[in-house]
Amino acid sequence: MPVRRIALDVDKVIDQPEVLDLALAVEKVPGVEAVNITVTDIDVETVGMDVTVEGNDIDVPALMRAIEKVGAVCHSVDQVVVGERVIERVVRSR
């Protein structure tokens, strides 16, 4: 089944790579059509980011290699959307 969206928790050291460099590396991965990187926290040595990638058939192993090649680290996969279409998450009130 084609991966259409994947959301990752990614960290990098404070000075390298630049967020734009990470976005450019991810955008070059086969199947990637859009990239959203949001900085979620910054401390003395690291920057935490939410990275969301969308496309028609994202090459996930190549995506992970691209992230590591620029010097960042994927801590977790927080969302995966696969199939013929994207289903948005439904938040139910309690």
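Guide: From the N terminus on, the elements of the protein chain follow the order β-α-β-β-α-β, which amounts to 2 helices and 4 strands. Helices (H or I, at least four residues) and strands (E, at least two) are DSSP runs, numbered from the N terminus. The model is predicted: local features need pLDDT of at least 70 and side-chain atom pairs count only at pLDDT 80 or more, while totals for chains, interfaces and linings use all residues. Residues are numbered from 1 along each chain as its sequence is written, and side-chain values use heavy atoms, with hydrogens and water left out.

At its start, a side-chain oxygen of Asp-59 reaches to within 3.1 Å of the backbone nitrogen of Ala-62. Just after helix 2, Gly-71 takes a positive phi of about 105°.

Buried means under 20% relative accessible area, exposed means over 50%, and partly exposed lies in between (1.4 Å probe, protein chains only). Contact here means heavy atoms within 4.5 Å.

Arg-5 counts as buried because its relative accessible area is 9%. The side chain of Arg-5 makes a polar contact with the side chain of Glu-88, at 2.9 Å. A polar contact is a pair of N or O atoms within 3.5 Å; within protein, one must be able to donate a hydrogen and the other to accept it, and residues adjacent in sequence count only if both atoms are side-chain atoms. Leaving aside residues up to four places away in sequence, Arg-5 touches several others, including Thr-52, Val-53, Ile-58, Val-80 and Val-86.

For the chain as a whole, 32% of the 94 residues count as buried. Of the contacts with a separation of 6 or more, 74% are between residues 24 or more positions apart. The C-alpha trace spans about 40 × 40 × 15 Å along its principal axes.
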